[in-house]
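Please read these points with the structure open beside you.

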Amino acid sequence: MITVERKVLEKNDAIASRLRQTWSSQKIFTVNFVSSPGSGKTSLLEATIRRLKNTMPMAVIEGDVQTDLDAQRIHALDVPVVQIVTNGACHLEAQLVDDAFKRLDEKNIRLLMIENVGNLVCPSSYDLGEDMKIVVVSVTEGDDKPLKYPGMFIKASVLIINKIDLLPYVHSDIATLRGNALSINPSLRVFEISCTTGEGMDPWCAWLHSQIKG
Amino acid sequence: MHEMSIAQELIRQIEEHVSAERRPSVRNIALRIGTLSSILPESLTFCFDALVNQTPLQSAKLSIELVPYTLHCTACNHSFEPEGWAHVCPKCGSSQLISQTGQELELAYIELEESPSEVV
Ligand SMILES: [Zn+2]
């Protein structure tokens with residue numbers, strides 16, 4: 001018998017630790033946005049960039065299975081962006097993020113936003129070196145989402161409930177959604193927003209801005 | 001499904017620990033997987049079996065120990081498996097809890113077909 005006692009993803013974790021050290025020493029605050037497909041991550045990024053881009057230098061790493069359409073949307077806002085196309089893989093790994101960060105032209109930034117592939121299962125296993133994971137759920141997805149994907153909600157630090165302008169038209173109950181999420185992870189910070197109407201964007205952006213280092 | 005890339009990592013680790021000529025004698029790979037690790041044991045087994053098929057590791061089987069979600073109370077040092085998603089220590093009522101187990105994805109040991117006394 002050969003005793004091993006190693007984490008299976010230790011290689012990924014080692015790269016992630018190195019990235020975390022790099023970003024910490026360069027005073028870059030890094031967030032990893034995770035969600036199901038269609039919860040509005042890219043719209044959230046766009047709305048956040050519009051509000052904050054004149055207050056600090058920032059950049060975006062976009063993860064997508066096939067296309068660079070999301071990166072084009074960010075590029076249109078005149079913010080440095082690097083696209084990772086995973087060619088079918090359902091999650092980003094630290095090595096891909098490391099490569100993408102090297103490709104970033106502008107590294108003198110304070111905020112790095114990583115948009116993970118739309119999936120609430122696989123990305124939760126991979127540390128990317130981020131300061132925190134931010135999970136985005138739209139009200140159209142149902143209020144039991146946290147109970148279906150507890151592994152992601154337990155790892156996230158922030159929950160953004162998106163598309164609250166659609167609440168009158170859907171059956172999900174925002175109090176139940178929030179309660180389900182907090183029952184799994186009581187330390188989650190919750191923001192309720194609508195990228196369409198702008199409701200809730202101010203407290204979210206103020207909080208994000210307050211996290212910037214130095 | 002990320003179990004395929006996890007199975008690839010796992011095989012890479014096994015190959016690091018077992019020399020090429022001994023790989024055909026690998027029988028059992030013991031893993032620990034937390035119930036909150038977002039890994040499906042059936043998918044991982046399926047992917048592993050597919051990857052080792054017709055390789056020197058093809059006789060290897062995964063045995064997976066599922067590790068439950070447990071919390072540790074920092075106020076009274078009590079460790080427990082919460083019922084549902086309770087967030088209060090059942091012993092002292094404190095809510096100063098940290099998660100202890102449940103997120104594991106670990107390769108514990110590799111068993112080869114040979115006498116247990118043999119030094120590896
Ligand atoms: Zn206690």
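1. About 2600 Å² is buried between chain A and chain B, and carbon and sulfur atoms give 58% of that area. Buried area here is the accessible area (1.4 Å probe) that two parts lose on being put together, summed over both. On the chain A side, Met1(A), Ile2(A) and Val8(A) lose the most area to chain B, together 29% of what that side buries. The contact (heavy atoms within 4.5 Å) takes 29 residues from chain A and 30 residues from chain B.

2. A note on the basis: this is a predicted model, in which local features need pLDDT of at least 70 and side-chain atom pairs count only at pLDDT 80 or more, while totals for chains, interfaces and linings use all residues. Residues are numbered from 1 along each chain as its sequence is written, chains are lettered from A and ligands numbered from 1 in the order in which they are written, and side-chain values use heavy atoms, with hydrogens and water left out.

3. How many salt bridges does the rule find across the interface of chain A and chain B? There are 2, where a salt bridge is a side-chain nitrogen of Lys or Arg within 4 Å of a carboxyl oxygen of Asp or Glu. Glu5(A) forms a salt bridge with Arg32(B), and their closest N and O atoms are 2.4 Å apart.

4. Strand β1(A) is joined to strand β6 (residues 105-112) of chain B by 4 bridges, and the two run antiparallel. Strands (E, at least two residues) and helices (H or I, at least four) are DSSP runs, numbered from the N terminus. Ile2(A) stands opposite Ile110(B) in β6(B), and Lys7(A) has Glu106(B) as its bridge partner.

5. These strands belong to an open sheet of 4 strands, in the order β1(A)-β6(B)-β1(B)-β2(B), with mixed pairing; two strands pair if DSSP finds at least two bridges between them. The edge strands are β1 of chain A and β2 (61-67) of chain B, each pairing on one side only.

6. Within chain A, α1(A) packs against helix α4 (residues 94-103) at an angle of about 35°, with the axes 8 Å apart. Axes are lines fitted to C-alpha atoms, for helices over the stretch in contact, and angles run from 0 to 180 degrees between N-to-C directions. Among the residues that meet there are Leu19(A) and Trp23(A) from α1(A), and Val97(A) and Phe101(A) from α4(A).
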